[in-house]
Amino acid sequence: MTAIPLARQLRDGTRRAHHLLDHHPLLQQLIIPGLSRTAYARSLLAIHRPHGRLEACVLAGAQQLDITLSEEIKVSSRTHRLETDLEALGVVPPCVLPSALPVAVTPAVLAGQCYVLEGSRLGGQVIARQVQRALGAKVPVSYFDSPQPEVHWRRFLTFLDENCRPDEAPVVVAAAQQAFDDYLSALSEAEPSRGWPPSGDGVSLVR
Ligand code: HEM
């Protein structure tokens with residue numbers, strides 16, 4: 001029997017988490033008509049905390065494991081882009097608090113965290129276009145419109161292949177799930193919406 005590729009297991013194992021996240025009101029409002037500048041700033045502000053701490057956690061894990069993946073992430077830090085966009089919108093970015101996530105002590109855990117960090121670029125360009133459609137071409141979208149998401153994604157897939165064994169799949173998927181959970185709880189803390197996440201959600205999938 002052919003083993004299911006790790007990337008596929010990651011996708012299948014976190015499908016519901018992604019669905020909950022991209023349907024969260026703070027992210028949904030970015031891609032549906034009627035977005036205001038204030039609402040956009042509110043979404044960016046809510047993203048700042050979980051994104052910043054995930055990025056910091058991945059960097060610390062890569063450093064601890066002496067993995068050069070951090071080189072790429074370092075030069076393309078998106079926390080910096082997020083803060084630039086917030087400042088352009090007149091919002092002072094808060095300090096990033098320490099991560100609730102464990103700093104990786106194995107490449108498998110790092111891979112799971114990286115999956116969420118790098119995957120979060122993939123929908124970015126669609127979001128950037130929607131935000132510009134709603135608010136005009138001059139609205140700052142450097143976070144969502146970060147360059148070459150597919151290059152970063154391929155690099156991540158190579159990292160996954162080269163550093164994780166198939167039998168480590170449960171560890172990789174659990175680390176990704178934990179990173180998604182942290183993201184989701186940070187968004188929900190930023191704007192507790194009644195009835196979110198929906199219980200017994202039928203999960204119609206976007207991916
Ligand atoms: C409104 C918000 C979002 C939208 C519209 C969105 C949309 C997308 C799209 C279109 C893809 C590519 C799907 C494909 O190529 O099959 C994708 C992939 C992905 N997104 Fe999102 N996304 C959003 C938010 C997020 C966030 C906040 C995270 C993580 C914190 C995230 C993590 C991922 C991951 C890990 C993948 C890779 C899926 C795979 O395994 O192929 N997304 N997203």
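Before I go on, the ground rules. This is a predicted model, and local features need pLDDT of at least 70, side-chain atom pairs count only at pLDDT 80 or more, and totals for chains, interfaces and linings use all residues. Residues are numbered from 1 along each chain as its sequence is written.

So, confidence. The pLDDT, which is the predictor's confidence in each residue from 0 to 100, averages 89 over the chain, and 87% of the residues score at least 70. The stretch to watch is residues 200–207, where pLDDT stays under 50 and the model has seven contacts beyond four places in sequence. A contact here is two residues with C-beta atoms, placed from the backbone, within 7 Å. Where pLDDT is low, the predicted coordinates should not be read in detail.

Now the overall fold. Of the contacts in the chain with a separation of 6 or more, 81% come from residues 24 or more positions apart. As for burial, 34% of the 207 residues count as buried. Buried takes 20 or more other C-beta atoms within 10 Å of the residue's own, exposed takes 12 or fewer, partly exposed is in between, and again the C-beta atoms are placed from the backbone.

On to helix packing. How do H7 and H9 pack? Helix H7, residues 107–119, and helix H9, residues 149–163, pack at about 165° with their axes 10 Å apart. That makes H7 roughly antiparallel to H9. For the cut-offs: under 35 degrees is roughly parallel, over 145 roughly antiparallel, 65 to 115 roughly perpendicular, and the rest oblique. The axes are lines fitted to C-alpha atoms, for helices over the stretch in contact, with angles from 0 to 180 degrees between N-to-C directions. The crossing of H7 and H9 is left-handed, meaning the near helix is turned anticlockwise from the far one by less than a right angle; clockwise would be right-handed. On the H7 side the contact uses Pro 107, Ala 111, Cys 114, Tyr 115 and Glu 118, and on the H9 side His 152, Trp 153, Phe 156, Phe 159, Leu 160 and Asn 163. By type, that's eight nonpolar, two polar and one charged. Nonpolar is Ala, Val, Leu, Ile, Met, Phe, Trp, Tyr, Cys and Pro, charged is Asp, Glu, Lys and Arg, and the others, Gly among them, are polar.

Next pair: helix H1, residues 6–13, and helix H10, residues 169–190, have axes that come within 9 Å and cross at roughly 40°. H1 and H10 are therefore oblique to each other, and the crossing is right-handed. Leu 6, Gln 9, Leu 10 and Gly 13 of H1 meet Ala 169, Val 172, Val 173, Ala 176 and Gln 177 of H10. Six of the residues in that contact are nonpolar, three are polar and none is charged.

Last, some loops. Asp 66 isn't a glycine, yet has a positive phi of about 55°. Asp 66 sits in the loop between helix H4 (37–64) and helix H5 (69–75), and is exposed, with 7 other C-beta atoms within 10 Å.

Gln 148, also not a glycine, has a positive phi of about 50°. Its loop joins helix H8 (124–135) and H9. Buried or exposed, then, for Gln 148? Exposed, with 11 C-beta neighbours inside 10 Å.

Technical notes
Helices (H or I, at least four residues) and strands (E, at least two) are DSSP runs, numbered from the N terminus.
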